[in-house]
Amino acid sequence: MIVVMQAGASADELAEVVRRIEELGFRAHVMHGVERQVIGCLGDEREKSGLHVLETIAGVSSVMPILSPYKLAARQLQAEPSVVAFGDNCRLGAGVVQVIAGPCSVENEEQIVETAKAVRAAGATALRGGAFKPRSSAYAFQGLGVEGLRLLRLAGDETGLPIVTELLDVHDLDVVLRYADVIQVGARNMQNFSLLKEIGKTRHPVVLKRGMAATIDEWLSSAEYILAGGNSEVVLCERGIRTFETATRNTLDLNAVPVVRDRTHLPIVVDPSHGTGVRRYVKPMALAAVAAGADGLMIEVHNNPDVALSDGAQSLRPEEFRELMQSLRPVVAAVGKEIAGERCE
Ligand code: PEP
Ligand code: MN
């Protein structure tokens with residue numbers, strides 16, 4: 001349920017409503033909107049009809065159910081877009097397109113530092129790189145682990161870019177928090193609810209990738225686990241879903257961009273690298289994602305993809321990434337936004 005306050009309701013009236021909500025056994029989550037305050041009532045769904053008594057309290061405009069399985073993530077609760085900061089120059093959801101770029105995996109110092117410098121020079125505002133890799137084959141490269149985190153941090157510090165890396169297992173939470181600016185939850189872990197709950201206890205920004213067979217509502221319900229723990233710094237990442245199509249690795253669901261925009265206030269970025277799996281399809285789908293309204297992109301870039309230990313076939317070479325960034329500019333302008341790198345250069 002949400003309680004919508006009247007425009008101009010006083011602080012005392014708001015406090016009284018919060019007190020009554022808590023008295024009824026719910027947790028009150030106050031959202032301060034531009035025009036009016038909205039209070040989310042979080043608790044046992046079965047008890048929610050009791051909340052209608054709040055309709056008669058001074059200052060209350062209406063009491064309405066939130067029909068979706070997620071509440072804090074729902075657009076109904078917060079009309080204004082959420083802005084999630086990865087660093088001073090990388091704010092997602094603020095009308096400036098941000099590009100997170102870097103290799104699939106951190107492989108060695110030269111690879112990550114060289115790639116980081118190249119993506120920074122081309123206008124990326126965050127550096128990605130996996131240290132703990134979720135590989136389909138048990139015999140494929142599994143990532144450098146903590147050494148990978150150290151090298152990624154080094155590259156982040158050299159370039160001034162915030163770093164984004166996947167947390168694969170709850171046991172690695174502390175070490176990932178120590179090194180990384182942003183935690184990535186991969187597609188395969190989107191419904192690892194115990195992992196999501198632990199991340200919800202932190203205040204680290206999170207990139208929550210869509211599961212490969214997850215509906216949009218299941219994805220937003222997973223975001224809710226993080227928000228419900230008190231961590232509101234969630235960015236969604238569309239990375240393609242499994243369909244019957246085999247010409248591409250996944251089917252990039254760009255429908256998700258406007259649908260997510262309707263249903264939630266959380267920012268959304270699009271990953272056309274995993275979404276297509278094919279280097280030459282990355283640019284057209286990146287342009288399409290921005291045209292569809294994405295707040296940012298996640299792009300795999302490798303200084304020498306021919307020898308990459310993972311996802312080389314979908315990784316752009318530095319010059320291809322530079323070219324992509326140039327091609328983005330007119331599209332970004334056409335949708336009335338800016339691109340972050342333009343301002344940083
Ligand atoms: C990745 O970002 O390298 C990755 C493994 O992504 P996903 O979880 O989307 O497959
Ligand atoms: Mn990858």
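The model is predicted, and it contains zero disulfides. The protein has two assigned parts, domain 1 (2-64) and domain 2 (84-344). Ligand 1 sits in the largest pocket.

**Cysteines**

- A disulfide is a covalent bond that joins the sulfur atoms of two cysteines.
- The count of disulfides in this structure is zero.
- C237 takes part in no disulfide, and the nearest cysteine sulfur to it belongs to C104, 13 Å away.
- A disulfide requires the two sulfur atoms to be within 2.5 Å.
- C237 is buried because its relative accessibility is 0%, and buried means under 20%.

**Domains**

- Domain 1 covers residues 2-64, and domain 2 covers residues 84-344.
- Taken over C-alpha atoms, the centres of domain 1 and domain 2 are 37 Å apart.

**Ligand 1**

- There are 13 residues around ligand 1, and those that come nearest are R128, A187, R188, K209 and R239.
- In R239, a polar side-chain atom lies 2.6 Å from an oxygen atom of ligand 1.
- For Q184, the distance from a polar side-chain atom to an oxygen atom of ligand 1 is 2.9 Å.
- E300 has a side-chain N or O atom 3.3 Å from an oxygen atom of ligand 1.
- On its own, ligand 1 has 300 Å² of accessible area, of which the protein covers 97%.
- The pocket that holds ligand 1 is the largest.

Technical notes:
Residues numbered from 1 in each chain as written. Chains lettered and ligands numbered in written order. Predicted model: local features only at pLDDT ≥ 70, side-chain atom pairs only at ≥ 80, totals over all residues. Heavy atoms only, no water. Buried < 20%, exposed > 50% of the residue type's maximum accessible area, 1.4 Å probe, protein only. Domains from an automatic or database assignment. Near = heavy atom within 4 Å. Polar contact = N/O pair within 3.5 Å; in protein donor to acceptor, adjacent residues only side chain to side chain. Areas by Shrake-Rupley, 256 points an atom, 1.4 Å probe, with all protein chains shown as cover. 1 Å grid on protein atoms, 1.4 Å probe; cavity = no way out; pocket = protein on both sides within 12 Å on 5 of 7 lines; lining within 4 Å. Sits in = over half its atoms within 2 Å of the grid points.
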